Amino acid sequence: MLEQQLINGLTLGLIYALIAVGYTMVYGVIQLINFAHGEIYMLGAFFCVTLITAAGLPFYVAMLMAVICCALCGILLDIIAYRPLRRAPRLAALITAIGMSIFLQNLALIIWGSRSKPFPRASLPAYLSEQALVMGQVGLTWLQLFIFAVAIGMMVALFLVIHKTRTGTAMRALAQNRTAAALMGINVNAVISFTFALGSAMGAVAGILVAVYYNTLYPTMGYTAGVKAFAAAVLGGIGSVPGAMVGGVVLGVAEALGAGYVSSLYRDGVAYAVMIAVIVLRPSGILGRAAIDKA
Amino acid sequence: MRLKSWKTTLVFVCAVVLAGAPALAQTVKIGVAAPFTGPAASYGENIKSGVETKVAELNAAGGINGMPVEAVYFDELCDPKEAATVAPRIVRDRAIVGVVGHVCSSAHLAALPTYVRVGIPVISPTATNVTIGDQNADRAGRVWSFRNVYLDDYQGQFLARYAKEVLGLARIAVFYENNDYGIGLKDAFLKEAAAVGLAVVGSEGYVKGASDFTPQLTKLRGGNPDGLFISGYYNEGALIAAQAANLGMKVVKFGADGLDNVDYIQLGGAAADNTYMTVPFLAAAAPEQAKAFIRTFEEKYRRDLDWMSANAYDAVGLFAAALAAVGPDREKIRDYLAGIDGPEKAYEGITGPTYFNAKGDPEKMAFVKMVQDGRFTAAPRQMR
Amino acid sequence: MGHLNKRLLLLPGLALLIYPLLPGASDYVLHVMTLALIYMVLAMGLNIVPGFCGLLDLGYVGFYGIGAYTAGLLTIHYGLSFWLIVPLAALNGALWGALLGAPTLRLTGDYFAIVTFGFSELVVLFLTNEIWLTRGPLGLPGIQPVTLDLSWLRPDWYFEFYDKAPNFYLAALLVALVFFVMGRMEDSRLGRAWYAIREDPLAAACCGVNILHYKVIAFSISAAIGAMGGCFYARWSMFLSPDMFKFWESFLVLCMVVLGGLGNIKGALVGATVLVCLGEVLREVLAAAGLPPETRFMAYGLIMVLIMRFRPAGLFPAIAASGRANPLLVVLGRRIAAGEFSGEKDDARGTSA
C-alpha cells in the first residue's frame with residue numbers, strides 16, 4: 001500500500017509542481033503573487049477540450065494549440081492587469097490578480113456552463129488508458145507515466161531555458177535588480193511578458209494533464225489547484241524553480257500519505273501542517289535563498 | 001470635486017436600488033434561490049431547468065387562474081452568508097409568494113430564520129439535512145419550510161437493507177462526502193448496516209470539489225470490499241468509480257439520489273456500470289403526465305432527467321396547486337401546503353405522490369435504478 | 001480634503017443611522033448594511049497587520065471563525081449573555097493569535113502569508129471534522145439572538161434583538177467602539193512602533209523597538225477584533241457552518257483593506273462598504289438589465305481590477321497620512337518634484353515596498 005500511496009502522491013505532486021512553477025517564475029521576476037494563474041490552468045483544459053470537440057483536432061495538436069493560446073492569455077493578463085501597476089504598491093497588484101481570477105472563472109462559467117465535462121476519451125491515444133505495470137497490489141498506468149514524463153521533461157526544458165538562453169539570463173537579471181537590468185539594455189516588459197507566457201504554458205499543460213487524468217473539467221477547478229500550487233511554491237522557496245518542483249512533490253506526497261495513514265478528513269490538513277512545520281524550521285522554504293532579514 | 005461626483009453617483013445608485021421593485025402586481029412570482037455561480041453552480045442549473053420547464057408549461061396553459069407566472073432567480077453560491085443576504089431580498093418583494101430553494105442544506109438553514117420571521121412558504125427540492133425539520137417553525141408553531149426530497153436517514157437505512165438483502169453484498173467500503181448530505185447518509189447507513197449484520201470494512205471521507213481520491217481508495221482497497229457505498233454527489237461519485245476501477249477494485253457501487261444524474265455516466269465512463277442508486281421515481285414506471293414531461297425536458301436540455309430537476313419541477317407544481325386553490329397570499333399558501341398531510345391528500349407530481357408530515361418533511365417511496373451498458377435502467381429487483 | 005471631506009462623510013453617515021427608524025425601511029437594505037458593518041469591523045481588525053505592520057495576512061478568517069464558533073457554542077451550551085461572550089471570544093481569538101504569531105512572525109514576507117493561510121485552512125478543517133464539538137458540516141443552527149437584560153433596573157426592560165434594526169444599531173456600536181480604539185492605538189506609542197516596523201524594521205530595532213514583541217501584539221489584537229466580529233455574526237445570523245469561513249473570506253477582507261487604502265482606518269470602512277454594496281448593487285442592476293446571474297461576479301472582478309488600475313493606492317491613499325504631512329517630508333517632496341535629485345535612482349523599493 002505504501003508504494004501505491006507514493007505513486008499517487010508523486011502524480012499529484014508533479015501536477016502541483018507544474019502549476020507552482022508558474023507562480024514562482026512570475027514571483028521571481030516581479031514579486032507578484034499571480035493568483036489568476038489557477039484560472040490559466042483551468043483555461044488550458046477547456047481550450048484543449050474545445051479544440052478537440054469543436055474543431056476536431058487530434059489530441060497532441062489540440063494540446064499544443066491550447067498551450068499556445070494560454071501563453072497568449074498569460075501575456076494578455078500581464079498587459080491588461082499587471083503592467084499598469086508595476087510602480088504601484090505590491091498589494092494593489094495582488095488585488096487585481098484576485099479580481100482577474102474572479103473575472104476569468106465566471107467568464108468560463110458563462111462560456112462553457114457549470115456542468116463538469118468529461119475529457120473526450122476517444123481522441124486520446126489508446127495506450128494511455130492501459131495499465132503499464134502491475135506488481136501485486138501496486139499498479140501504474142501509462143497515463144501516470146505520461147504525466148511523469150511530461151512534467152519532468154517540461155521542468156528540464158524550463159531549467160535549460162532559464163540557464164542557457166539569453167532570455168533566461170535576462171529573466172534572472174531582472175529578478176536580481178530590475179533597474180540595473182533595464183540599464184543593461186534589457187527590454188524589461190518583453191522579458192516579463194515572456195515569463196508570463198512560459199509560466200502560463202506550464203500551467204496549461206498541468207490543466208490538460210489533470211483533465212485527462214481525472215477525466216473531468218469544470219470552471220472552478222483552478223481555485224483549489226491554484227491555492228495548493230501556491231502553497232507548494234512557497235514551501236519550496238518562492239522564486240526558485242527547482243524549489244517549486246520539490247515543494248509540489250512534498251505537498252503531493254504529504255497529502256497522499258496523510259489521507260492514507262492519518263485521516264482522510266485531514267488530508268489537506270496534513271499537507272498544510274507539513275508546510276507550516278517546514279517553513280517554521282526553514283524560514284525561506286526548502287530551496288529558497290535565505291532572504292536578508294533586517295530584523 | 002471628483003470625490004463629490006463619485007459620491008453623488010453612489011447615492012443615486014443606492015436610491016435606485018431602494019426604490020426599485022414594487023410594481024407589476026399582475027404576475028405571480030416565485031423566487032428560486034440556488035447557486036448559479038461558484039463550485040455548486042451545476043446543481044443550480046439542474047434546479048433552473050426543472051423550474052423553467054414547469055413555468056413554461058403553466059404559462060402555456062394560460063397561467064394560474066389567468067395570472068402569468070414568473071420565476072425570479074437569486075444566486076446564492078450555496079454559501080450560507082449569501083443565502084442569508086438573499087433571503088430578505090426575496091421576502092421584500094411582495095409579489096413573490098413562495099420560494100423554491102435552497103439547494104444546500106447549510107444555505108437553507110442560514111436563510112431559514114428570515115423566512116420564518118417574515119412568513120413566506122419555502123419548498124426545498126434538495127436540502128436533505130434532518131435538522132431543517134426542527135428549525136422551520138415560527139413562534140406560533142407554524143411550519144414555513146417544506147421539502148419534497150427525502151431525508152438522509154431514510155435513504156441510508158434503505159440502502160443498507162438493499163445491499164444486504166437484494167444485492168447480497170457482504171463487505172462494504174463506505175466513501176462519503178464530508179458535508180451534511182454525505183455524513184447524514186453515511187451515519188444512517190452504518191447504523192442500519194450494524195443492525196442487519198452487514199460488515200463495513202472501512203469508511204473514508206473526501207471534501208467537495210476534490211478530484212483525486214486514490215489515496216482513500218487505496219486504503220479502502222486494503223479491506224477487500226465487494227461493495228462500495230458512495231455517499232455523495234454525481235460529480236465526485238463518477239471520479240470515485242473511475243479511480244476505483246483504475247486501482248483494480250472490482251466492486252458493486254451503490255449510492256443515494258445524489259448520484260442520479262447523467263453526468264455520472266458521462267464522467268465515469270465504463271466504470272459507472274454496475275452502480276445502483278435510490279431515486280424518488282423511475283422513468284419507466286412514471287405516470288403518463290410525467291412521461292410527457294420527461295420527453296419535453298430531454299428535448300429541451302438534451303440530457304436525461306435528473307432528480308434535482310424533477311423535484312424542482314414538482315416544487316413549482318406544489319406552489320401552482322396552492323395558488324390555484326387559495327390565490328396569491330403567502331399565509332394561505334402555507335396553510336394549504338401544511339394541509340397536505342396525508343396520502344389521501346397527496347400532491348400527484350411526476351416524482352410520485354408527495355405529502356408532508358408535521359415537520360414539513362415528505363414521506364415518499366424509494367425506487368432503485370442502476371447503470372447498465374452506459375445507460376440508466378430500473379434495477380431488476382425493487383424492494384418494498 | 002480635511003474639513004469638507006469630513007462633513008461630506010458625516011452627512012450620509014447620519015442619514016444611514018436614521019434609516020432604520022423610517023417607516024418604509026426594508027429588511028433587505030438593513031441586512032446589507034449590517035453585513036457591511038460587520039465587514040468594517042473585520043477590515044479594521046485586519047488593517048493592523050498589513051496596514052500598520054506591513055505583513056501580509058491571508059488567514060484572517062481563521063480568527064473570525066474561532067470567534068464565531070466560540071460565541072455559538074457558548075450560547076447554545078451555556079446560554080451565556082452576549083455581553084459576556086464578546087470579551088471571552090476576543091480573548092480566545094487573541095490567544096490563538098499569540099500562539100500562531102509567536103513562532104511564525106519571524107518569517108518574512110510571503111512565507112508568513114502562507115503560514116497564516118495554512119492556519120486558516122486548519123481552522124476550517126477542524127470546524128468541519130470535529131463533529132462532536134461543532135456538528136461539522138451539519139452546521140450550528142438555533143443560536144439565540146442577542147438579548148439585553150436590564151430587568152434589574154426596571155422589570156419590563158428585557159430586550160431581544162430579533163428584528164433587523166436593533167442588530168443594525170448594535171453592529172454600528174461595535175464599529176464605533178473598534179474605530180475609537182483603533183484611532184487611539186494609531187496615535188499611541190504602540191501605533192508608532194508598528195509604523196516604524198513597517199517602514200524600516202532595521203531602523204526600528206535600532207531605536208529599541210522589540211520587533212517580534214510588537215508584531216505579536218499587533219497580530220493578537222487583530223485576531224481579537226476578528227473574533228469579536230465573528231461573535232456578533234454568530235448571534236446575528238443565528239446559524240453557523242464551516243463553509244462561512246473559507247479562505248475566500250480572507251481575500252475579501254484583504255481586498256477591502258487594500259481597496260480602501262492600506263493603513264488607513266477610514267479607508268477600511270469605505271472599502272468594506274464599497275465591496276459589500278457592490279455585490280448587491282450588481283445583483284439589482286444586472287438583473288434589471290436582463291443579464292443572467294453569472295455575469296454578476298464577472299462584473300465584480302472587473303470592477304475590482306479597474307479600481308486598482310485607476311487608484312492603485314486605494315480609494316483613500318492616505319497611508320501614514322500623518323507622516324506625509326510632516327513639514328520635513330513636504331519640503332523634501334517639493335524638492336524631489338523640482339528635480340533636485342534627478343540623478344538619484346529609485347530602485348526596487350518603489351515596487352516591492
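Which hand does the crossing of α10(A) and α11(A) have? The close-up views below, taken from a predicted model, begin with this pair of helices.

**View 1. Packing of helix α10 (residues 241-262) against helix α11 (residues 267-281) in chain A.** The crossing of α10(A) and α11(A) is right-handed. The axes of these two helices lie 8 Å apart and the helices pack at an angle of about 130°, which makes α10(A) oblique to α11(A). On the α10(A) side the contact is formed by A:L251, A:A254, A:E255, A:G258, A:A259 and A:V262, which meet A:R267, A:D268, A:V270, A:A271, A:V274 and A:M275 of α11(A). By class, the residues of this contact comprise eight nonpolar, one polar and three charged. An α-helix has 3.6 residues a turn, so residues three or four places apart point the same way.

**View 2. Crossing of helix α1 (residues 2-30) of chain A with α10(A).** The axes of α1(A) and α10(A) come within 6 Å and cross at roughly 145°, and the crossing in which α1(A) passes α10(A) is right-handed. The residues of the contact between α1(A) and α10(A) are divided by class into 17 nonpolar, 10 polar and one charged.

**View 3. Helix α2 (residues 37-53) of chain A in its surroundings.** With 17 residues, α2(A) reaches 25 Å from its first C-alpha to its last, close to the 24 Å expected at 1.5 Å a residue. Because 15 of its 17 residues are buried, α2(A) is largely enclosed by the rest of the structure.

**View 4. The side of chain B that touches chain A.** Here 29 residues of chain B are in contact with 24 residues of chain A. Two or more residues of this side of chain B come from each of α2 (41-60), β7 (199-206), α8 (214-221), α9 (234-246) and α10 (262-268) of chain B, and the largest share, five residues, is given by α8(B). The residues on this side of chain B divide into eight nonpolar, 16 polar and five charged.

**View 5. The side of chain C that touches chain A.** In this view 45 residues of chain C are in contact with 47 residues of chain A. At least two residues of this side of chain C are supplied by each of α4 (82-104), α5 (109-129), α9 (201-206), α11 (247-260), α13 (295-310) and α16 (348-352) of chain C, with α13(C) providing the largest share, 10 residues. The residues on this side of chain C divide into 29 nonpolar, nine polar and seven charged.

Definitions and conventions
Residues are numbered from 1 along each chain as its sequence is written. Chains are lettered from A and ligands numbered from 1 in the order in which they are written. This is a predicted model: local features need pLDDT of at least 70, side-chain atom pairs count only at pLDDT 80 or more; totals for chains, interfaces and linings use all residues. Helices (H or I, at least four residues) and strands (E, at least two) are DSSP runs, numbered from the N terminus. The expected span of a helix is 1.5 Å times one less than its number of residues. A residue is buried if 20 or more other C-beta atoms lie within 10 Å of its own, exposed if 12 or fewer, and partly exposed in between; C-beta atoms are placed from the backbone. Axes are lines fitted to C-alpha atoms, for helices over the stretch in contact, and angles run from 0 to 180 degrees between N-to-C directions. Angles under 35 degrees count as roughly parallel, over 145 as roughly antiparallel, 65 to 115 as roughly perpendicular and the rest as oblique. A crossing is left-handed if the near helix is turned anticlockwise from the far one by less than a right angle, and right-handed if clockwise. Two residues are in contact if their C-beta atoms, placed from the backbone, lie within 7 Å. Ala, Val, Leu, Ile, Met, Phe, Trp, Tyr, Cys and Pro count as nonpolar, Asp, Glu, Lys and Arg as charged, and the others, Gly among them, as polar.
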